[in-house]
Structure formats: C-alpha cells, structure tokens
Amino acid sequence: MFDWTSDVTSTISSMPRGSRSQLTAPTNADDARERILAAAERCIDRHGIRKTTMDDIASEVGLSRPNVYRYFADRDDLLIELITRHARALLNRARKSISRQSSLPDQIVETVLYTAEHARRDPMTRHVIDPDGTRLGRRMIASGTTELMRAEMWDPVLDAALVKSELLPGLPRSDIHLWLGNVTKMVMRGLEDGDGDLKRYRSILRRFVAPAFSSSNAPVGA
C-alpha cells in the first residue's frame, strides 16, 4: 500500500516554506488522480503540451515522480486521460449547440463546424481530431482513443437518424466515423490557414458531405 503521508512529508521538507501550507494528502486513489490531472493541466497552460514533463507535473502536485507513476503508467497515459476529458467536454457542448437542429444533414454540418472551430482553440482536444506524428499522437490512435471519441460524437446523431429513417441503411459505422473525423480535421485546418470561414464551409458541407449520408426522407438545409 502506498503511504501518502511519508511521501508528502519528504516532499514538504524540500519545498519552499511559503508553499508548504498548500499541500495536503489526497484521501484516496481517485482524489490523487484528480490532483495529478489538475496539476498536469496547469503545467500545460504554462509550458504547452509538448514541453510538459512528468517532473513538471510531479513538482506541481507536490509528489515525487515515482509516486505519480503509481497512478499513471507514463506521461502519454496521463495526457491521453486529460485529452479525453477535454474532448468529452467539447462533445457535450457540441450536442447542446446542435440540439435545435432537427434534420440529419444540418446536424452533421453543424457538428463538424462546431467541433472544428472549438477544437482548433484547445491544444488538448486537437489531439483527438488531428493526432500528430509524435509518440503521443501515435499512442492516441493505437489505444483506440481517437476512434472511441469519434464514435461518442457521431453515434447518438446516427442512431436518432436511423429511428427516423433519415440515414441511408447499410453504411458501416466505422467508415462514417473515419470519414467525418477526416472532414472535421480538414475544416479545422482550413479555418486555421484562412482557406475559408464558417459560412463557406457550411455551404461546402451541405453540398458535398451531408447528402452522402441522408435518405430521401432527410431534407438538406439551404
């Protein structure tokens, strides 16, 4: 059993006097993980996701690095959990934003636009939409996290469309997830590069993307 008391005591002895009063021992493993994740987020805000190290996080939370590893296998494991939380928060906001869209085409268009516009402003959520060639990006894909987030984003929309006979039958879900994920990445990059604004991309998506998924019962917005 890990003894938080001994670790905190040894950490306090090496901390500047002014910061010792801020350190209290977590009450359980969940509390410890939450504190470590919160510390990681503060480090990322200061240093960026690529430059944040486990040493930074351990120092921020007031633990030794080996004791941080008791809760997260490695840096990528920790970052993937934090990234997933950011992505789910974005998904929840996206669902609320598109809840007033009644047709499948409009839901597809507005979900892509909302996700692309907001993910590009959040470096952590961006890793779900556009995993890079770093070890973290490769781990995101290999762990299935990227595919899981795509499924969580699109399956509620697609399930509702099936019930209303708006979605073409027989379309493989994994193909839909992959294609709409790539479309979202394309729009996000385009918005960053200035290739188009939301109005232009909305028109493009309505003409070239949404109709591919819609049955004849699903009206396409003007």
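The model is a prediction in which local features need pLDDT of at least 70 and side-chain atom pairs count only at pLDDT 80 or more, while totals for chains, interfaces and linings use all residues. Residues are numbered from 1 along each chain as its sequence is written, and side-chain values use heavy atoms, with hydrogens and water left out.

**Overall make-up**

The protein has 11 helices and zero strands. Helices (H or I, at least four residues) and strands (E, at least two) are DSSP runs, numbered from the N terminus. Along the sequence the pattern reads α-α-α-α-α-α-α-α-α-α-α. Of the 222 residues in the protein, 46% are buried; buried means under 20% relative accessible area, exposed over 50%, and partly exposed in between (1.4 Å probe, protein chains only). Contact means heavy atoms within 4.5 Å. Among contacts between residues at least 6 apart in sequence, 67% join residues at least 24 apart.

**Two helix pairs**

The table gives the angle and axis separation for two pairs. Axes are lines fitted to C-alpha atoms, for helices over the stretch in contact, and angles run from 0 to 180 degrees between N-to-C directions.

| Helix pair | Angle | Axis separation |
|---|---|---|
| H5 (residues 75-98) and H8 (residues 135-142) | about 65° | 10 Å |
| H10 (residues 173-193) and H11 (residues 198-208) | roughly 155° | within 11 Å |

Angles under 35 degrees count as roughly parallel, over 145 as roughly antiparallel, 65 to 115 as roughly perpendicular and the rest as oblique. H5 and H8 are therefore roughly perpendicular to each other, and H10 and H11 are roughly antiparallel. A crossing is left-handed if the near helix is turned anticlockwise from the far one by less than a right angle, and right-handed if clockwise. The crossing of H5 and H8 is right-handed, and H10 likewise passes H11 in a right-handed crossing.

On the H5 side, Asp-76, Asp-77, Leu-79, Ile-80 and Ile-83 meet Arg-135, Leu-136, Arg-139 and Met-140 of H8. By class, this contact of H5 with H8 has five nonpolar, no polar and four charged residues. Here Ala, Val, Leu, Ile, Met, Phe, Trp, Tyr, Cys and Pro count as nonpolar, Asp, Glu, Lys and Arg as charged, and the others, Gly among them, as polar.

In the other pair, Val-183, Met-186, Val-187, Gly-190 and Leu-191 of H10 meet Leu-198, Tyr-201 and Leu-205 of H11. The contact of H10 with H11 divides into seven nonpolar, one polar and no charged residues.

Ala-116 lies in helix H6 (residues 104-119) and counts as buried, at 0% relative accessibility. Apart from neighbours within four places in sequence, Ala-116 is in contact with Thr-184, Val-187, Met-188 and Leu-191. Its C-alpha atom is 9.7 Å from that of Glu-192, which is 76 residues away along the chain.

Asp-130 sits in the loop between helix H7 (123-129) and H8. With a relative accessible area of 10%, Asp-130 is buried. Leaving aside neighbours within four places, Asp-130 is in contact with Lys-185, Met-188 and Arg-189. A polar contact of 2.9 Å joins the side chains of Asp-130 and Arg-189. A polar contact is a pair of N or O atoms within 3.5 Å; within protein, one must be able to donate a hydrogen and the other to accept it, and residues adjacent in sequence count only if both atoms are side-chain atoms.

Pro-66 is in helix H4 (residues 65-68) and counts as exposed, at 56% relative accessibility.
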